[in-house]
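Good morning, everyone, and thank you for making the time. I would like to walk you through one structure, slowly, for those who have not seen it before.

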Amino acid sequence: MITKWTDEELLAYILVYCSLADLSISEEEKNYLTSRFSEEIYNKMLSILEKDSEAERRRKIKDAYDDHLYNNDETDIIYEEIHNLFTIDGDFDSLEKNLLKKLDEILT
């Protein structure tokens, strides 16, 4: 499966994926995402994610990430964005922590 996304689309996909870690997108998370990305990109990535299985989500992230050949600084920025999203509602719960571990496997 080859996923050809821009850097912004990949980041949006990852962050929307993260926002769904606890099975719902909080109002704070949605506000963060729609302030960070255009409404069009947010809706596009949400629509794709809702159709993808968990395995497809991880595979798409891995494929697109590998395709972009991010350096360490760029990967750090992705992790910073993930951290911002996970803590925006004041609760970094166990579901989010588990997803972060899975993303570590994909992004390293």
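I will begin with how to read the model, then turn to the overall fold, and then to some individual residues.

What you see is a predicted model, in which local features need pLDDT of at least 70 and side-chain atom pairs count only at pLDDT 80 or more, while totals for chains, interfaces and linings use all residues. Residues are numbered from 1 along each chain as its sequence is written, and side-chain values use heavy atoms, with hydrogens and water left out.

Let me start with the fold. The protein chain has six helices and zero strands, where helices (H or I, at least four residues) and strands (E, at least two) are DSSP runs numbered from the N terminus. Along the sequence this gives the pattern α-α-α-α-α-α. The C-alpha trace spans about 35 × 25 × 25 Å along its principal axes. For 108 residues, a compact globule would have a radius of gyration near 13 Å, and the protein chain, at 13 Å, agrees with that; the radius is taken over C-alpha atoms, and the globule rule is 2.2 Å times the number of residues to the power 0.38.

Turning to contacts, which means heavy atoms within 4.5 Å, we find that among those between residues at least 6 apart in sequence, 79% join residues at least 24 apart. Of the 108 residues, 42% are buried, and here buried means under 20% relative accessible area, exposed means over 50%, and partly exposed lies in between, with a 1.4 Å probe and protein chains only.

Now to the charged side chains. How many salt bridges does a search of the whole structure find? The search finds eight, a salt bridge being a side-chain nitrogen of Lys or Arg within 4 Å of a carboxyl oxygen of Asp or Glu.

One of them joins Glu 81 and Arg 36, at 2.8 Å from N to O. This pair links distant parts of the chain, with Glu 81 in helix H5 (residues 72-87) and Arg 36 in helix H2 (residues 27-36), 45 residues apart. Glu 81 is buried, at 10% relative accessible area, whereas Arg 36 is partly exposed, at 31%.

Another salt bridge brings together the side chains of Lys 60 and Asp 52, at 2.9 Å from N to O. Lys 60 is buried at 14%, and Asp 52 is buried as well, at 11%.

In helix H4 (residues 54-68), Glu 54 and Arg 57 are separated by about one helical turn, because they are three residues apart. Their side chains meet in a salt bridge of 3.7 Å, N to O. Glu 54 is partly exposed at 32% relative accessibility, while Arg 57 is buried at 14%. Salt bridges that share partners join Glu 54, Arg 57 and Arg 58 into one network.

Lys 102 is found in helix H6 (residues 94-107) and is partly exposed, with a relative accessible area of 35%.

Finally, the aromatic rings. Rings of Phe, Tyr and Trp (its six-membered ring) pair if their centres lie within 6.5 Å, and planes under 30 degrees apart count as stacked, over 60 as edge-to-face and the rest as tilted. By this rule there are three aromatic pairs. Among them is the tilted pair of Trp 5 and Tyr 13, with 4.6 Å centre to centre and 35 degrees between the planes. Trp 5 is buried at 10% relative accessible area, and Tyr 13 is also buried, at 0%.
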